[in-house]
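Subject: Structure handover

Hello,

Here is the structure I said I would pass on. My notes follow below it.

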Amino acid sequence: MSANIINGKELAQELRLNMKEEVYQLNDQEISPNLTVILVGDNPASKSYVKGKQKASAEVGIKSNVIELPDTTTEEKLLNVIRELNKNDEVHGILVQLPLPAHINEQLVIETITPSKDVDGFHPINIGRMMTGQDTFLPCTPFGILTMLKSKNIPLEGKHAVIIGRSNIVGKPIGQLLLNENATVTYCHSRTIDLKTYTKDADILVVAVGRAHVIDDTYIKDGAIVIDVGINRLEDGSLTGDVDFNKAVEKAAYITPVPRGVGPMTIAMLLHNTIKAAKGLT
Ligand SMILES: Nc1nc(=O)c2c([nH]1)NC[C@@H]1CN(c3ccc(C(=O)N[C@@H](CCC(=O)O)C(=O)O)cc3)C=[N+]21
């Protein structure tokens with residue numbers, strides 16, 4: 001049996017159509033949603049992600065501005081740029097592309113963005129609201145994953161969700177969102193002993209390791225749902241996930257591909273959060 005493939009690219013496209021309508025309605029009320037992205041340095045991967053965000057924004061009628069700063073930018077200069085954007089009423093969403101150069105304190109930067117414009121959902125206030133189940137800006141990748149699961153009406157209550165990875169932007173928050181949906185959640189990571197014991201029991205397996213093809217069919221329970229968050233660039237320039245798709249697809253009931261899986265959904269949720277910010281919610 002071959003798994004049902006959850007196409008994030010198509011779902012993101014569908015969501016963008018709906019969001020375009022929403023933006024029209026906001027425009028009628030003289031609101032023009034604006035996302036400002038700050039890009040520090042010239043990491044080619046970051047540049048390409050920022051291009052993707054601009055293209056998707058334009059498609060739904062969100063105005064996007066990119067502020068490009070050299071990699072020699074001081075932390076204080078970056079914080080001042082953010083403080084100005086916090087005060088600018090025309091700017092609804094602020095996103096600082098990560099990772100930042102090593103001389104800049106990422107956590108300080110995140111905490112300088114005013115929570116009501118934190119469309120990444122990385123500010124501790126927004127993380128706290130997520131943890132307590134309040135309405136807030138949810139972090140885009142976990143929110144995208146939840147939206148993919150819901151689009152297939154996959155029941156989450158009582159299911160054993162196993163997360164591999166514990167980053168602040170993916171692993172920790174996806175576990176929290178699944179917990180909020182009444183799943184039973186297990187976190188695994190690089191120090192986990194006997195990873196397979198956990199993954200073989202997973203009804204829902206979320207893989208956010210950051211290394212190509214580390215999870216194959218031998219880690220997966222028959223009929224599991226497999227979400228691949230990995231984005232690994234191979235030497236030939238192609239993209240691949242953390243899951244060995246060709247093997248896993250034979251074991252899973254549902255699986256997300258890379259590319260065209262979680263990545264496009266991450267961007268769609270960023271647009272969703274920007275529209276929410278423009279409406280003045282949270
Ligand atoms: N403040 C901040 N917020 C982020 O959300 C953020 C970030 N920093 N830094 C980098 C990561 C990475 N990320 C991706 C988004 C979309 C795709 C995506 O759409 N990928 C396509 C392929 C794109 C291609 O071909 O290059 C796909 O998987 O099909 C990938 C990666 C957001 N990030």
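Helices (H or I, at least four residues) and strands (E, at least two) are taken as DSSP runs and numbered from the N terminus. The model is a predicted one: local features need pLDDT of at least 70, side-chain atom pairs count only at pLDDT 80 or more, and totals for chains, interfaces and linings use all residues. Residue numbers start from 1 along each chain as its sequence is written.

Overall

The protein chain has ten helices and eleven strands. Its C-alpha trace spans about 50 × 40 × 40 Å along the principal axes. The radius of gyration of the protein chain is 19 Å, which agrees with the value near 19 Å for a compact globule of 282 residues. That radius is taken over C-alpha atoms, and the globule rule is 2.2 Å times the number of residues to the power 0.38.

Burial is counted from C-beta atoms placed from the backbone: a residue is buried if 20 or more others lie within 10 Å of its own, exposed if 12 or fewer, and partly exposed in between. On that count, 43% of the 282 residues of the protein chain are buried. Two residues are in contact if their C-beta atoms, placed from the backbone, lie within 7 Å. Among the contacts in the protein chain with a separation of 6 or more, 68% are between residues 24 or more positions apart.

Domains

The domain assignment gives domain 1 (30-114) and domain 2 (140-263); such bounds come from an automatic or database domain assignment. The C-alpha centres of domain 1 and domain 2 are 28 Å apart.

UniProt, in an unreviewed entry, lists residues 6-120 as "domain: Tetrahydrofolate dehydrogenase/cyclohydrolase catalytic". In the model, residues 6-120 are 50% helix and 16% strand, with the end C-alpha atoms 23 Å apart. The UniProt record, again unreviewed, lists residues 139-279 as "domain: Tetrahydrofolate dehydrogenase/cyclohydrolase NAD(P)-binding". Residues 139-279 are 34% helix and 17% strand, and their end C-alpha atoms lie 18 Å apart. UniProt positions are given in the numbering used here, feature names are shortened, and annotations may be inferred rather than shown by experiment.

Ligand

A residue is near a molecule if its C-beta atom, placed from the backbone, lies within 6 Å of it. There are 19 residues around the ligand, and Leu-98, Pro-259, Arg-260, Gly-263 and Thr-266 come nearest. Helix α2 (44-60), strand β4 (93-96) and helix α10 (262-278) each supply at least two residues of the shell. The largest share, four residues, comes from α10.

By class, the shell has eleven nonpolar, six polar and two charged residues. Here Ala, Val, Leu, Ile, Met, Phe, Trp, Tyr, Cys and Pro count as nonpolar, Asp, Glu, Lys and Arg as charged, and the others, Gly among them, as polar.

Backbone

Leu-98 is joined to Pro-99 by a cis peptide bond with omega near 0°. Pro-99 is in the loop between β4 and α4 (106-112). The peptide bond between Val-258 and Pro-259 is also cis, with omega about -5°. Pro-259 sits in the loop between β11 (254-255) and α10.

Asn-153, not a glycine, has a positive phi of about 50°. Asn-153 lies in the loop between α6 (140-151) and β5 (160-164) and is exposed, with 6 other C-beta atoms within 10 Å. His-213 likewise has a positive phi, near 55°, without being a glycine. The loop between β7 (204-207) and β8 (225-228) holds His-213, which is partly exposed, with 19 other C-beta atoms within 10 Å.

Two further residues

Lys-172 is in helix α7 (residues 171-180) and is partly exposed, with 18 C-beta neighbours inside 10 Å. Leaving aside neighbours within four places in sequence, Lys-172 is in contact with Arg-166 and Ser-167.

Arg-191 is in the loop between β6 (184-188) and α8 (195-199). With 6 C-beta neighbours inside 10 Å, Arg-191 counts as exposed. Arg-191 and Glu-10 are 181 residues apart in sequence and 36 Å apart in space, C-alpha to C-alpha.

Regards
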